[in-house]
Amino acid sequence: MISDFEKIKLFGAIISKEYSKDLLRLLYLYKDISSSEAASRLGMHIKTVQEFFDALYEAGLLNKREVYESKRPYFRYSFNLNRIDLSLDVKELIDLNKSGETPELFIREKKNANVRFTTARSKLFFSSVSVWIGQGRETIEKKVNLTIPQGRFLFNLPFPNAEFLSIPEIMKKADVSDEHISEIIDIVHLLTEHGVIEIKE
Amino acid sequence: MIYSRKLKPDRDFTGLLPAFFSLLLGALIGVIYGPEEGIRVVGVIVFVYSIFGFIAYYRTRSVGYLLSGLYMISLSLVFLSVEVNEYSRRVFVYTPFSKLFIVLTFSLLIILLYMLFTKKIKWRGRDILELAAVNVNEGPDSYTDRPRPIANLELTRDEVENFAEFLKSNLIAMPYYEQERILFVPVRMGQEYFYLFNNNVKYWDKTWVAFDFDGKVSAHISKKDYLEYRKNLEFDPLCESLGKLFIEFFEDMRKDEASRIIDKLNEVKIGFFS
């Protein structure tokens with residue numbers, strides 16, 4: 001079973017090729033096979049087949065054995081599986097701390113942050129936040145559309161020079177339930193990176 | 001209580017410009033075409049101004065604007081009804097009709113002067129900004145363009161709407177009605193024309209206090225108004241103080257003690273034209 005995200009990504013890229021079904025079929029039928037044998041069997045370029053086999057090997061699905069024929073080395077590939085299982089735990093992608101709990105951060109808006117908050121028309125919360133990246137003519141605007149909990153959270157973010165507050169305290173003030181904690185942490189990290197949010201040392 | 005001024009002195013005289021240019025135009029026409037034409041032109045201009053007075057009354061329901069509109073109509077009728085004899089020693093000959101309007105005009109003028117000195121026809125934006133800053137200390141520039149949540153109140157929509165009517169008719173703040181809230185924009189003297197005769201005010205960029213019908217109160221101070229203070233004030237307490245000032249007014253209104261609101265504003269002792 002493949003559960004590593006990078007390997008699943010690699011497998012996804014190669015399985016989407018037009019010729020992947022034919023090559024997988026060959027790998028399954030043959031005890032082992034070289035790139036040149038498979039290429040000649042299917043009328044393909046050897047380099048294409050070699051790249052495909054190497055990618056499957058990288059993904060941990062093929063065995064690779066170096067053999068010699070009149071002192072010239074080449075690789076033979078063997079496939080010993082009947083099925084390929086992929087399993088992706090999305091939760092593992094979230095960059096929480098090791099305990100998986102909310103980080104104990106005390107935050108507020110940074111003074112003179114180069115930012116524009118846009119207020120939603122229907123309610124008192126923010127619909128988007130724009131930050132400016134770069135300097136002079138190279139400056140570009142990065143606009144992030146906020147979810148409603150994120151917009152309410154940022155609306156209640158302490159002003160520059162006001163008392164720092166913890167994330168749960170601000171969420172309570174903003175009436176944002178705990179189920180939105182991960183998206184709140186995500187926007188806090190993003191805005192901290194862009195110098196909009198200040199974290200208490 | 002003695003308040004130390006935290007706002008810069010008001011040297012804005014834009015409110016006097018229309019009267020100044022009207023008289024200048026009348027004088028020019030009088031010199032070029034003769035006194036009758038000059039006085040008639042001023043009469044027509046004042047008549048047009050009276051329409052603005054009635055529009056302002058319609059927008060605010062302030063008695064001051066109604067009387068001001070009537071005063072300008074009466075004054076314009078004096079200018080339009082007086083007979084002009086430029087070759088006589090008495091250039092202006094008052095007809096019975098014009099005499100009637102002179103009496104009416106002076107009567108209205110006396111009432112308007114009384115209202116002016118008692119600040120009943122004064123927009124209270126400066127008073128509000130001064131009151132909001134009373135207990136706020138100087139601090140580093142920490143301005144942010146974000147609104148600040150102030151409090152959650154138990155209130156009804158009717159109470160907020162009554163509050164809006166009161167603030168509007170007493171020229172304390174201009175209300176802007178939205179589906180779920182009313183925003184109150186404190187208007188300073190000299191800026192009232194922009195709010196009274198402009199239907200597309202981007203009030204979200206201005207200084208305001210918003211009362212949601214579900215009880216949330218928020219405040220926002222524009223950069224322009226923040227820079228009106230002589231020195232940088234701590235911004236977070238300033239926003240909080242502005243919001244709490246309006247909540248205090250709202251509570252006075254609920255207790256049927258609306259006159260206290262006017263008393264508090266009068267305590268600041270800001271001039272009639274500021």
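Biologist: Which residues does Val209(B) touch, not counting those up to four places away in sequence?
Modeller: Two residues are in contact if their C-beta atoms, placed from the backbone, lie within 7 Å. With residues up to four places away left out, Val209(B) touches Phe184(B), Val217(B), Ala219(B), Leu242(B), Gly243(B) and Phe246(B).

Biologist: What kind of model is this?
Modeller: Residues are numbered from 1 along each chain as its sequence is written, while chains are lettered from A and ligands numbered from 1 in the order in which they are written. Local features need pLDDT of at least 70, side-chain atom pairs count only at pLDDT 80 or more, and totals for chains, interfaces and linings use all residues, as this is a predicted model.

Biologist: How many of the five residues of strand 6 of chain B are buried?
Modeller: Helices (H or I, at least four residues) and strands (E, at least two) are DSSP runs, numbered from the N terminus. Strand 6 of chain B is mostly covered. Its buried count is four.

Biologist: In what sense do strand 5 and strand 6 of chain B pair?
Modeller: Two strands pair if DSSP finds at least two bridges between them. Here strand 5 (181–185) and strand 6 of chain B have four bridges. Ile182(B) has Phe211(B) in strand 6 as its bridge partner. The sense is antiparallel.

Biologist: Which residue takes a positive phi in the hairpin of strand 6 and strand 7 of chain B?
Modeller: Four bridges join these two strands of chain B, which run antiparallel. Phe211(B) stands opposite Val217(B) in strand 7 of chain B. Three residues lie between the strands, and the positive phi, near 105°, belongs to Gly215(B).

Biologist: How far does helix 2 of chain B reach from its first C-alpha to its last?
Modeller: The expected span of a helix is 1.5 Å times one less than its number of residues. Helix 2 (35–60) of chain B has 26 residues, and 38 Å is expected. Close to that, the helix reaches 37 Å.

Biologist: Which helices do the buried residues of helix 2 of chain B pack against?
Modeller: Gly38(B), Val42(B), Ile45(B) and Tyr57(B) are among the buried residues of helix 2 of chain B. The buried residues of this helix pack against helix 1 (17–33), helix 3 (63–81), helix 6 and helix 7 (192–196) of chain B.

Biologist: How many residues of helix 1 of chain B are buried?
Modeller: The end C-alpha atoms of helix 1 of chain B are 24 Å apart, which agrees with the span for 17 residues at 1.5 Å a residue. Gly34(B), with a positive phi near 120°, follows helix 1 of chain B. This helix is hardly covered, and its count of buried residues is one.

Biologist: Is Asn162(B) buried or partly exposed?
Modeller: Asn162(B) lies in helix 6 (157–169) of chain B. Its C-alpha atom is 8.6 Å from that of Met253(B), 91 residues apart along the chain. Because it has 15 C-beta neighbours inside 10 Å, Asn162(B) counts as partly exposed.

Biologist: How many charged residues has the side of chain B that touches chain A?
Modeller: The contact takes 18 residues from chain B and 12 residues from chain A. Elements that give two or more residues to the chain B side include strand 6 and helix 9. Ala, Val, Leu, Ile, Met, Phe, Trp, Tyr, Cys and Pro count as nonpolar, Asp, Glu, Lys and Arg as charged, and the others, Gly among them, as polar. That side has six nonpolar residues and four polar ones, while the charged residues number eight.

Biologist: What is the radius of gyration of chain A?
Modeller: Chain A has seven helices and nine strands. The radius is taken over C-alpha atoms, and the globule rule is 2.2 Å times the number of residues to the power 0.38. That rule gives 17 Å for 201 residues, so chain A is more spread out than a compact globule, with a radius of gyration of 26 Å.

Methods
Buried ≥ 20, exposed ≤ 12 C-beta atoms within 10 Å, placed from the backbone.
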